[in-house]
2 protein chains.
Amino acid sequence: MAVEGIWEEKTMQLLKDKVRQEGIVLSEQVLKVDSFLNHQMDPVLMKEVGKEFIRRFEGENITRVLTIESSGIAPGIMTALELNVPLIFARKQKSLTLTEDILVEKVYSFTKQETNEITVAKKFMNPGDRVLIIDDFLANGEAAFGLARIVEQVGAEVVGIGIVIEKAFQPGGRLLKEAGYRVESLVRIGALSDGQVTFADEEGTN
Amino acid sequence: MAVEGIWEEKTMQLLKDKVRQEGIVLSEQVLKVDSFLNHQMDPVLMKEVGKEFIRRFEGENITRVLTIESSGIAPGIMTALELNVPLIFARKQKSLTLTEDILVEKVYSFTKQETNEITVAKKFMNPGDRVLIIDDFLANGEAAFGLARIVEQVGAEVVGIGIVIEKAFQPGGRLLKEAGYRVESLVRIGALSDGQVTFADEEGTN
């Protein structure tokens, strides 16, 4: 237990250091982390992230990891590797011809102000599956809710939702928890102001 | 050397078995491998793929791995992990506002019959970089050529191109080699006919 505690602390600290050193605060809503998470990626950090998700969801008998293209794929595949279960990434499309072979949900993007359809081939999601949802960011929770609805469409179970960076000043995390989901965010940002990142667990300390 | 030979053989065989067992021949041009490579992904296989690319490009002092969203990310991050260098994934967009901060190339998709712009932030590609390009598929070579031009725009060097599955009956591999690139394809498909996959190294044997 002591070792696990240290481990958790180390991964959190690595991520916080990266956010502080390389994150660019573009506005009070937008943090750019394209140097290590969603354009250029640090593979060793992604591996640690995968290990940390597995530690948090230990004993959950996860059968599949589900994420969404593109930035969820790297943390997702590292999590799936630790578990030795398949990773599925949902595809985003502006609109598509529906067929009976795919599961579809609509997801609104506040950033892009558009609704996308996210899809998963039906054959890769089964009623007995215990699914861990992984994504790089959590803001309003639209993507996570969409992925959860896809899992539930076939009667599979959402074991939990693992997020690398949660913008805790936006409502996604609260809404997901209110809906009954277990949400594990590795780093929670409390505020973006004056070009500075304040972490949720440090608010009021400076 | 003997051990490496066995290793290589094992990864190739794993991939060939997957292609044979799970690949769906949709036409003489199109092979669907969405159960392990580009929708659902097998993380253990992706890790083996990463190791095999590293073995083939050993001693090349690679400083960055470059791929393209979305299906290149999983084999790309596993390759980058083995090397402990960053992975960058180029983004695809139909059109965009150009800024001086990004490197852009046009890539034509024969499958979708449309031209996309692929982009990489300039700050992540430097003149001294030795870049390994990784992608899941090689057909006409448009994506690989586009990625190579992005690397060369800044005066960095393309060390080679690592491909999981090459459709060797399409001209991409030949064109890239004629242009002077080293191409390493883990599996080469010689033909897709009568719903059957024939591997390039087995042609004429049945």
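So, A:Leu26: in this predicted model, A:Leu26 sits in the loop between β1 (24-25) and β2 (31-32) of chain A. Helices and strands here are DSSP runs, H or I of at least four residues for helices and E of at least two for strands, numbered from the N terminus. At 53% relative accessibility, A:Leu26 counts as exposed; the cut-offs are under 20% relative accessible area for buried, over 50% for exposed, and partly exposed in between, with a 1.4 Å probe and protein chains only. Together with A:Ile24 and A:Val30, A:Leu26 makes a nonpolar surface patch of about 230 Å². For patches, residues need over 30% relative accessible area and no salt bridge, with nonpolar side chains (Val, Leu, Ile, Met, Phe, Trp, Tyr) joined within 5 Å and like charges within 9 Å. The areas are Shrake-Rupley, 1.4 Å probe, and for residues only the protein chains shown count as cover.

Quick housekeeping. Residues are numbered from 1 along each chain as its sequence is written, and chains are lettered from A and ligands numbered from 1 in the order written. Local features need pLDDT of at least 70 and side-chain atom pairs 80 or more, while totals for chains, interfaces and linings use all residues, and side-chain values use heavy atoms, leaving out hydrogens and water.

Now the inside. Which residues have the most contacts inside the largest nonpolar core? That core has 74 residues, and the answer is A:Leu31, A:Ile77, A:Ile189 and, from chain B, B:Leu31, B:Ile77 and B:Ile189. A core here is a set of buried Ala, Val, Leu, Ile, Met, Phe, Trp, Tyr and Cys residues joined through side-chain atoms within 4.5 Å. Leaving aside residues up to four places away in sequence, A:Leu31 touches, among others, A:Val19, A:Phe137, A:Ile189 and A:Val197; contact means heavy atoms within 4.5 Å.

On to salt bridges, meaning a Lys or Arg side-chain nitrogen within 4 Å of an Asp or Glu carboxyl oxygen.

Buried or exposed, what is A:Glu166? Buried, at 2%, whereas A:Arg188 is partly exposed at 36%.

Last bit, the two chains. A rotation of 180 degrees with 0.0 Å of shift along its axis puts chain B on chain A, RMSD 0.0 Å, so the copies are related as by a two-fold rotation axis. The superposition is least squares on C-alpha atoms of residues with pLDDT of at least 70 in both. In chain B, B:Ser70 comes closest to the axis, its C-alpha 2.7 Å away. A:Ser71, in the loop between β4 and α3 (73-83), is buried at 8%. Its contacts, not counting residues up to four places away in sequence, include A:Asp136 and, across in chain B, B:Phe89 and B:Arg91.
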